[in-house]
Amino acid sequence: MGLFDRLRGDDAPRVAFIGVDGVPYSLLSENEELFPNFAAIADEGTAGEISSIVPPESSACWPSLTTGVNPGETGVYGFQDREVGTYDTYVPMGREVQADRVWDRVQEDGRQATVMNVPVTFPPQRNVQRMVSGFLSPGLEKAAYPDDVRDYLETLDYRIDVNPKLGHQEDKSEFIEDAHATVDARFEAFKHYIEEDDWDLFFGVFMTTDRVNHFLFKDYERDGEYKEEFIEFYQKVDDYIGRLRDALPEDVTMIVASDHGFTSLDYEVHFNEWLREEGWLSFKTDDPEELGDIADDTKAYSFIPGRFYINLEGREPRGSVPEEDYDEVRDQLKADLEALEGPDGNKVVERVVEKEEAFRGDHDDIAPDLVAIPNKGFDLKSGFKADSDIFTSGPRNGMHSFDNTSLYIDTPEATIGDADLFDITPTILDLLEVDYGRGEFDGASLL
């Protein structure tokens with residue numbers, strides 16, 4: 001029990017959640033000798049593979065993980081979303097998340113929450129103890145609240161994110177160095193505020209793991225040039241998890257989780273080009289730059305990752321598909337997607353999810369009509385260039401996966417089973433003994 005507990009006379013339980021963005025469970029569970037601190041949590045507590053959400057994209061995953069509800073409730077479906085009734089798009093930020101975050105519920109219960117580097121939290125909320133916004137923040141100056149947090153982080157050379165452009169270089173040495181510097185500063189910041197011991201919920205995310213996976217995962221999985229550097233990076237992450245665990249007071253339960261899994265990438269699949277070649281999509285110009293350039297006879301278009309929209313009359317400004325034909329057109333598109341094969345002869349899509357299966361809530365009016373979940377090796381892209389090949393390769397060699405998501409809970413009282421991201425928020429609230437209604441979440445407590 002920490003000093004703060006003794007001073008306040010409060011023996012209420014506390015939780016420290018550490019996110020490891022994009023870390024697959026198999027990487028950790030199949031290499032316990034390399035990652036002894038993760039193995040120790042599994043041995044002394046509970047660990048297992050869980051499922052991500054549809055679609056398994058960080059901008060959608062973190063809002064769902066931190067609220068316990070699906071994108072139809074959060075209002076965030078991916079890195080890019082569509083304005084209702086137009087072809088205009090926007091990048092969702094923290095204020096676009098329409099459901100209560102787990103730390104909002106903690107604060108409303110009269111307790112304190114420190115939140116650091118969670119994706120899709122910019123600008124930082126001022127109704128929490130302290131917050132440093134994560135992915136999509138323009139920089140530290142405007143991402144930290146209150147000011148003394150920013151001042152301290154500047155002394156660490158803290159950065160919101162690694163520089164992903166370095167990963168595009170053929171020589172990955174500079175990228176790897178930057179990844180180490182980023183995760184080092186993140187650890188120092190987490191440790192500092194954990195040791196402040198003045199919070200009830202600490203919620204921090206290492207996102208650099210996702211970045212390293214995007215550029216080095218195939219090297220790990222298929223014995224590539226940078227396999228040793230990949231493992232060394234993850235050994236550092238494992239060491240930092242162990243040191244944070246050791247720094248926690250006895251009244252704190254630690255949870256470590258990823259938001260999706262990862263696998264090797266063989267082909268980037270440019271679906272708007274595929275739709276164009278198959279007659280589903282056409283453009284008004286020879287050099288389209290945005291969604292608004294699609295032509296009136298378009299029947300469908302795509303957003304990343306694997307989101308498909310029917311160009312429906314009455315919903316889209318230039319909708320060409322009558323409402324009475326919607327089911328037939330969508331069924332045909334689903335069948336075409338399921339039949340698509342890559343250059344290697346393998347099926348591109350593992351399954352196609354209809355919107356009614358995945359999304360429920362007040363914000364399902366911007367939901368995709370279909371979401372394709374890819375087979376391993378096929379990274380689903382969109383874009384609106386009319387001269388692209390359907391299948392290409394780029395500097396990234398790792399991609400997100402729906403399965404193989406990690407969850408570690410430092411208590412044997414939890415049962416993971418067939419859990420998914422929606423179960424994490426109610427589990428945290430249960431551990432904190434914060435009341436909630438069972439019908440408020442798409443998941444349930446794992447205790």
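**A walk through the predicted model**

Histidine 214 lies in helix α10, residues 208-221. Helices here are DSSP runs of H or I with at least four residues, strands are E runs of at least two, and both are numbered from the N terminus. This is a predicted model: local features need pLDDT of at least 70, side-chain atom pairs count only at pLDDT 80 or more, and totals for chains, interfaces and linings use all residues. Residues are numbered from 1 along each chain as its sequence is written, and side-chain values use heavy atoms, with hydrogens and water left out.

Is histidine 214 buried or exposed? Histidine 214 counts as buried, because its relative accessibility is 5%. Buried means under 20% relative accessible area, exposed means over 50%, and partly exposed falls in between (1.4 Å probe, protein chains only). Leaving out residues up to four places away in sequence, histidine 214 touches Phe262, Arg396, Asn397, Gly398 and His400. Contact means heavy atoms within 4.5 Å.

Aspartate 81 is also buried, at 0% relative accessible area. Its place is strand β3, residues 81-82. With residues up to four places away in sequence not counted, its contacts include Asp88, Tyr90, Phe303 and Arg307. Proline 13 is 68 residues from aspartate 81 along the chain, and their C-alpha atoms are 38 Å apart.

Now helix α15, residues 424-432. Eight of its nine residues are buried. Among them are Ile424, Pro426, Ile428 and Leu432. Just after α15, glutamate 433 takes a positive phi of about 60°.

Next, the charges. Side chains of opposite charge can pair when their charged atoms come close. The structure holds 31 salt bridges, each a side-chain nitrogen of Lys or Arg within 4 Å of a carboxyl oxygen of Asp or Glu. Arginine 150 bridges to aspartate 151, with the closest N and O atoms 3.2 Å apart. Arginine 150 is buried at 19%, whereas aspartate 151 is partly exposed at 39%. Aspartate 109 and arginine 111 form another salt bridge, 3.9 Å from N to O.

Lysine 191 and glutamate 195 meet in a salt bridge at 2.7 Å, N to O. The two residues are separated by about one helical turn because they sit four residues apart in helix α9, residues 173-196. An α-helix has 3.6 residues a turn, so residues three or four places apart point the same way. Lysine 191 is partly exposed at 25%, and glutamate 195 is partly exposed at 45%.
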